[in-house]
Amino acid sequence: MSGVTLRSFAKINLGLRIGALREDGFHELRTVYQTIGLHDLVRVEAGRGVGIELRANHARVPLDESNTGYRMAERVLRSLKVRAKVTIHIEKQLPVEGGLGAASSNAVAVMLGLERALRREIPAEHKLRLAAEVGSDVPLFLVGGMVLGMGRGEEVYPLEDFTPLDCVVATTATGVPTAQAFRDWDELQSENLSRTRMSAPHNAAGKLTAECASDTIKMFSHSVFSWLRGTSTGVSARGGDRAEALLLDLVRAGIENDFERVVFSQHPELREVKRVLEGEGARYASLSGSGSSVYGLFGSKVKAQQAGRRLAQRGIRAQATMTMPRRQYWAKVFVN
Ligand code: C5P
């Protein structure tokens, strides 16, 4: 029996724009993922026999075929044409349904752990395909660092990393199921459509919403481009001492998370967390994914720690961490 332990890092979304609902039932989206230092621990063991067994230290982690780690293990064994008894232990530290990609990251940890435990490798292209089958935001964890996400989120492109930034992640007891958040978004869009119908000729209204969805996507690409190029401040925001400029650029470029429009109205306490983070000097604060985690990026560790304390005083769990560039991510994924 050989076993491998991995850190299964979390991500945050630096902006997320939801486009049109596609024929496959997914929404077109654009986002910038960023891996951060918070993580679960995943141990993968492979031995003689058959079957996949899951263990977790958290009651809300499913231990059956619906678990992303289980689904990944099945695919890896099939792809490598290997029979083995696989045991997966998940030590959950990240919130469940927290918008931090924890379950997706667990799946990638299982893939990497199994490859190592079985001493076999899956070609990179094939790994990305298997990851996309398990979930839209699984492939990003095969890249790490700052990653552009397109398509339904599964089309990933590595972006040039910036210097690590201090980050505070606040988690409340609220869990937001992603599929529900997308449905709520669709509902909001159809309410907007009915309002437009009242003021626009009948056939023009549908065209308007379709155009609006595609404009949203185009505008995001434009904002991300100007943010990454640092054009909005007229200076290059790359490089060691320019973290502050980069954060200001991010705000000025107007990069937002569309899910805030549905999730904040249903969970006003999350909007309040964002306000507290901004009040404590966050240069950029946002809901991550469809929530429920809200994070703030800070120009200094002192400010980040102070914000963490302020949230804790209000009874909100807040953890201080750093954004994690690609090189560091890969250096730390394997514990042994
Ligand atoms: O891909 P994943 O399993 O994470 O998606 C969960 C659900 O979220 C999907 O079944 C779909 O309803 C919704 N979703 C979507 N558009 C995306 C990603 C997810 O509608 N781009």
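Mentor: Gladly, and bear in mind that the model is predicted. Glutamate 97 has a relative accessible area of 36%, so it counts as partly exposed, and its place is in the loop between E4 and H2.

Trainee: What about phi of glutamate 97?

Mentor: Phi of glutamate 97 is near 55°, which is a positive value in a residue other than glycine.

Trainee: Where does arginine 119 sit, and is it buried or exposed?

Mentor: Arginine 119 belongs to the loop between H2 and H3, and with a relative accessibility of 71% it counts as exposed.

Trainee: While we are on the backbone, which peptide bond is cis?

Mentor: The bond from glycine 291 to serine 292 is cis, with omega near 15°, and serine 292 lies in the loop that runs between strand E8 (284–287) and strand E9 (294–298).

Trainee: Changing topic, how is the protein divided into domains?

Mentor: The domain assignment gives domain 1, covering 2–161, and domain 2, covering 167–326. Their C-alpha centres lie 23 Å apart, and 37 residues of domain 1 are in contact with 43 residues of domain 2.

Trainee: Which domains contribute to the lining of the largest pocket?

Mentor: Domain 1 and domain 2 each provide at least three residues of that lining. The largest pocket has a volume of about 1,100 Å³, and of the 46 residues that line it, Ala103, Ser104, Asp137, Thr178 and Ala179 are the closest to its centre.

Trainee: Which elements give two or more residues to that lining?

Mentor: They are strand E1 (2–21), strand E2 (27–47), helix H1 (68–80), helix H2 (102–118) and helix H4 (178–199). H4 gives the most, with five residues.

Trainee: And how do the lining residues of the largest pocket divide by type?

Mentor: There are 19 nonpolar, 18 polar and nine charged residues in the lining of the largest pocket.

Trainee: How many cavities of 30 Å³ or more are there?

Mentor: The count comes to one cavity of 30 Å³ or more, and the largest cavity has a volume of about 40 Å³. Its lining consists of Arg7, Ser8, Phe9, Ser105, Val108, Ala109, Leu112, Tyr329 and Val333, which divide into six nonpolar, two polar and one charged.

Trainee: Which element gives the most to that cavity lining?

Mentor: H2 gives the most to the lining of the largest cavity, with four residues, while E1 and H2 each supply at least two.

Trainee: Back to H1, then: what span should its 13 residues have?

Mentor: At 1.5 Å a residue, the 13 residues of H1 should span 18 Å, and because its end C-alpha atoms are 18 Å apart, the model agrees with that expectation.

Trainee: Which residues of H1 are buried, and what covers them?

Mentor: The buried residues in H1 are Thr68, Gly69, Tyr70, Met72, Ala73, Arg75, Val76, Leu77 and Leu80. What covers the buried residues of H1 includes strand E3 (51–56), strand E4 (85–91), H2 and helix H3 (124–134). As background when you look along the helix, an α-helix has 3.6 residues a turn, so residues three or four places apart point the same way.

Definitions and conventions
Residues numbered from 1 in each chain as written. Predicted model: local features only at pLDDT ≥ 70, side-chain atom pairs only at ≥ 80, totals over all residues. Heavy atoms only, no water. 1 Å grid on protein atoms, 1.4 Å probe; cavity = no way out; pocket = protein on both sides within 12 Å on 5 of 7 lines; lining within 4 Å. Points joined across faces, edges and corners; volume = space filled by probe spheres on them. Nonpolar A, V, L, I, M, F, W, Y, C, P; charged D, E, K, R; others polar. Domains from an automatic or database assignment. Expected span 1.5 Å × (residues − 1). Buried < 20%, exposed > 50% of the residue type's maximum accessible area, 1.4 Å probe, protein only. Contact = heavy atoms within 4.5 Å.
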